[in-house]
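Hi everyone, thanks for making time. I'd like to walk you through one model today, so let me put it on the screen.

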Amino acid sequence: MEIREDGDKTHMQKEEKKNCLICGSESYCQSDYSNIRIFYVCPTCGRYETGLNKFDRNKMGPYLFYNRFDGNDLEYRYHTTLEKELCDQYRKEFEEGNNTHGMPVHMDNEIIERWYPSSFSEKLDYIVRYTGEHTRHAGQRLVLSYQEVLSLLFVDREDETEHGQMIERNSDDCQDEIKFMLDCLQDSLLITYAYGRMMT
Ligand SMILES: [Zn+2]
C-alpha cells in the first residue's frame, strides 16, 4: 500500500491505521498536523485527503466510491479539498518530475452536489452504468463489501435529528433501504442479486 510521500520533513507526519472518515472502513492514513490535513487510503472511498472543510458524508461517500482512485503502486491521483489552483500547481510539478504532492484532484461541495444524482431514476442509471462498467460480461457477478454497497446504492449513512445534528443511521434501516433499492433494480430487470453474497 502506497501512501503519498511528502518531501517536507518539517511536517509532523505519522502513518497509521484508522477508520475512514466517510465510511468507517479500516484505512491507511497519514496526518499532516502542521497543515491540519489527513490523507486516507480506504478500500471503499479510495485515495483522498481532507482538511477542516465541512462536507456531507451522505453525498461524499458515493462521490468518492464512484470516482475512486484505488490505492495501488501505479496510482498517484487522489481527491482533495485543497484549492483548485494549488492542485493545478502540484499536478504541473508532478508532470515535471517532482512527486512531492502526487496528483491531487480538487473536490468541493459544489462539485459533489453537481455530480450527485438529483432523482431516483438518475440514481438507478448511475448504479446500472457502474455495474456495467465493472463487469466485463453480462451476467457476471460483482462482489462488493457492505460499505461499497451503501455508496453504490446512495444509501445515506447519517440522518439529521430534529435539533439539526447529524447522527449515524441505524444499520437495520440501511439494510432495508439496500434491499428496497436492489428490489427496484431487479423488478426493472436491470440486475439480479443475491443479498448477503453481494456483501462479503
Ligand atoms: Zn471510506
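One term before we start: I call two residues in contact if their C-beta atoms, placed from the backbone, lie within 7 Å. Keep in mind too that this is a predicted model. With that, among contacts in the protein chain with a separation of 6 or more, 51% come from residues 24 or more positions apart.

Now the layout. The protein chain holds 6 helices and 8 strands, and along the sequence they run β-β-β-β-α-β-α-β-α-α-α-β-β-α.

Let's look at β2 and β3. Strand β2, residues 26-32, pairs with strand β3, residues 37-42, in the antiparallel sense over 5 bridges. Together β2 and β3 make a hairpin with 4 residues between them, and I36 in the turn has a positive phi of about 50 degrees. Across the pair, C29 stands opposite Y40 in β3.

Y40 also takes us inside. How many residues does the largest nonpolar core have? It has 24, and those with the most contacts inside it are C20, I22, Y40, C42, C45, L64 and L153. The elements giving two or more residues to this core are β3, α1, α5 and α6. Domain 1 (2-113) and domain 2 (118-199) each supply at least three of its residues. Take C45: leaving out residues up to four places away in sequence, C45 touches C20, I22, C23, Y40, G61, L64, F65 and R68. Over the whole protein chain of 200 residues, 24% count as buried.

Last stop, α6. Helix α6, residues 171-187, reaches 24 Å from its first C-alpha to its last, close to the 24 Å expected. Just after α6, L189 takes a positive phi of about 60 degrees.

Key. Residues numbered from 1 in each chain as written. Predicted model: local features only at pLDDT ≥ 70, side-chain atom pairs only at ≥ 80, totals over all residues. Pairing = 2+ DSSP bridges. Expected span 1.5 Å × (residues − 1). Buried ≥ 20, exposed ≤ 12 C-beta atoms within 10 Å, placed from the backbone. Core = buried A, V, L, I, M, F, W, Y, C linked by C-beta atoms within 7 Å. Domains from an automatic or database assignment.
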